[in-house]
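Here are a few notes to read alongside the structure. Have it open as you go through the points.

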Amino acid sequence: MGTNSRIHPERNDVPLLVDPMKITELRPFILHVPVTGSGIADSSHQVTDWGAVGALIDTDAGIRGCGYTGTHGHLPTDRLICDCIEHAYAPLLAGEDPRNVRALWSKLYHCPSIRWVGRAGITQMALAAIDVALWDIQAKAAGMPLWKLLGGGESKRLEAYNTDGGWLNWSLEQLVADAQTMVEEGFRGIKIKVGSPDPNDDLRRIAAVREAIGPGVKLMVDGNGRWDLPTARNLGRKFCDFDIVWFEEPMWFDDVRGHRALARAIETPIALGEQLYSLDAFASFIEAGAVQYVQPDVTRLGGITPWLQVADLALAYRLPVVAHVADMMQIHQHLAFAHPASHLMEYIPWMRECFEEPATVRGSYFHLPQSPGAGTTLRPDALERFGVDR
Ligand code: MG
């Protein structure tokens, strides 16, 4: 029996090998962090600040967990997520052992009154923040970075592709110059936005970038749900001329039938998942053959717990998992290092100044994080610098 073992308080013949731990306090927060330049745009959104709406969860063991979801820095809806964390979920966590993270996810997800109004949207993003904080505590209690707690190994290489560029509000000249810069910095993959009012403009932009970066660099395109099936099919058939690795979110986010039809009509693989809220939604797309690159995001999917389920589902269909990183890479780097279906992840560094150990790329590969936890520990001044009154 180890020196830390104790006797079960109710059955004095049963040794307790794991000391109990209880959640003592939960405090929501909102961060707004400026994005690149004076703001960015894709075919569906314009963003000046990235939002992190989350929770700090304290325990009687002195361990603090941090989790958050990702938003467009829209304060009215950020406050709704905060309210959901504080008033709907926090009372269900009082006194619970945070390491029972899968059981707690089920308790929160299946709370009848919350489920009645939720299962997607604000309730699911609030759940994501809590679930991530609980996994952060779990990993810190184990004294390990999350990737190691999940069974990953030191030798895995995780390639980065740069998505901090390619914006639709940039001129062709700025787009091409930035793409060249990213390649000169060592990236071997980049993504650019499509979905211009005139789709021929997109073809011109793709052709110019491909010519500028040469044939050896991965090039992806992202429509952010802009097009209908006829337009997506017409353009998608031309993408193979430019060796496009994948066509991301070509059409409306929930349209399984449309993406299945498109997948059968074009050679370029389809990537999606950043707007899906559930394991069931991923199952529908995967089973239909409507997606080839699976892009789950913990911040929308309800946390790490369902992310791992989606990644396992993708693996069962032998599909690659390429996480969408509305967490700005901090959490997903651990998951990608640990999961066998994941070898490539996007790089977008907007929130690096918020974290104790920001995700880092050397050459074109992610550095393996070393600190215990899920990568979410905030720098002491993060709330002061980027915090917004909730
Ligand atoms: Mg995208």
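1. Which residues does I286 touch, not counting residues up to four places away in sequence? They are V291, V294, L313, A314, Y317 and L319, where contact means heavy atoms within 4.5 Å. I286 is found in helix α10, residues 279-287. Helices here are DSSP runs of H or I with at least four residues, strands are runs of E with at least two, and both are numbered from the N terminus. I286 is buried, at a relative accessible area of 5%; buried means under 20%, exposed over 50% and partly exposed in between, using a 1.4 Å probe and protein chains only.

2. A word on the model. This is a predicted model, in which local features need pLDDT of at least 70 and side-chain atom pairs count only at pLDDT 80 or more, while totals for chains, interfaces and linings use all residues. Residues are numbered from 1 along each chain as its sequence is written, and side-chain values use heavy atoms, with hydrogens and water left out.

3. Next, have a look at helix α4, residues 122-142. Its 21 residues reach 31 Å from the first C-alpha to the last, close to the expected 30 Å, which is 1.5 Å times one less than the number of residues. Helix α4 is mostly covered, with 17 of its 21 residues buried. G143 follows α4 and has a positive phi, near 70°.

4. How do the axes of α4 and helix α12 (residues 304-316) cross? They come within 8 Å and cross at roughly 90°, so the two helices are roughly perpendicular, a label for angles of 65 to 115 degrees. On the α4 side the contact is made by D131, V132 and W135, and on the α12 side by I304, T305 and L308. These residues divide into 4 nonpolar, 1 polar and 1 charged.

5. N224 sits in the loop between β10 (218-222) and α8 (229-236). Is N224 buried or exposed? It counts as buried, because its relative accessibility is 2%. Leaving aside neighbours within four places in sequence, the contacts of N224 include D42, H45, K193, E249 and F253.

6. Finally, the cysteines. The count comes to 0 disulfides, taking a disulfide as a pair of cysteine sulfur atoms within 2.5 Å. C82 is buried at 1% relative accessibility, whereas C240 is partly exposed at 37%.

Terms used. Axes are lines fitted to C-alpha atoms, for helices over the stretch in contact, and angles run from 0 to 180 degrees between N-to-C directions. Angles under 35 degrees count as roughly parallel, over 145 as roughly antiparallel, 65 to 115 as roughly perpendicular and the rest as oblique. Ala, Val, Leu, Ile, Met, Phe, Trp, Tyr, Cys and Pro count as nonpolar, Asp, Glu, Lys and Arg as charged, and the others, Gly among them, as polar.
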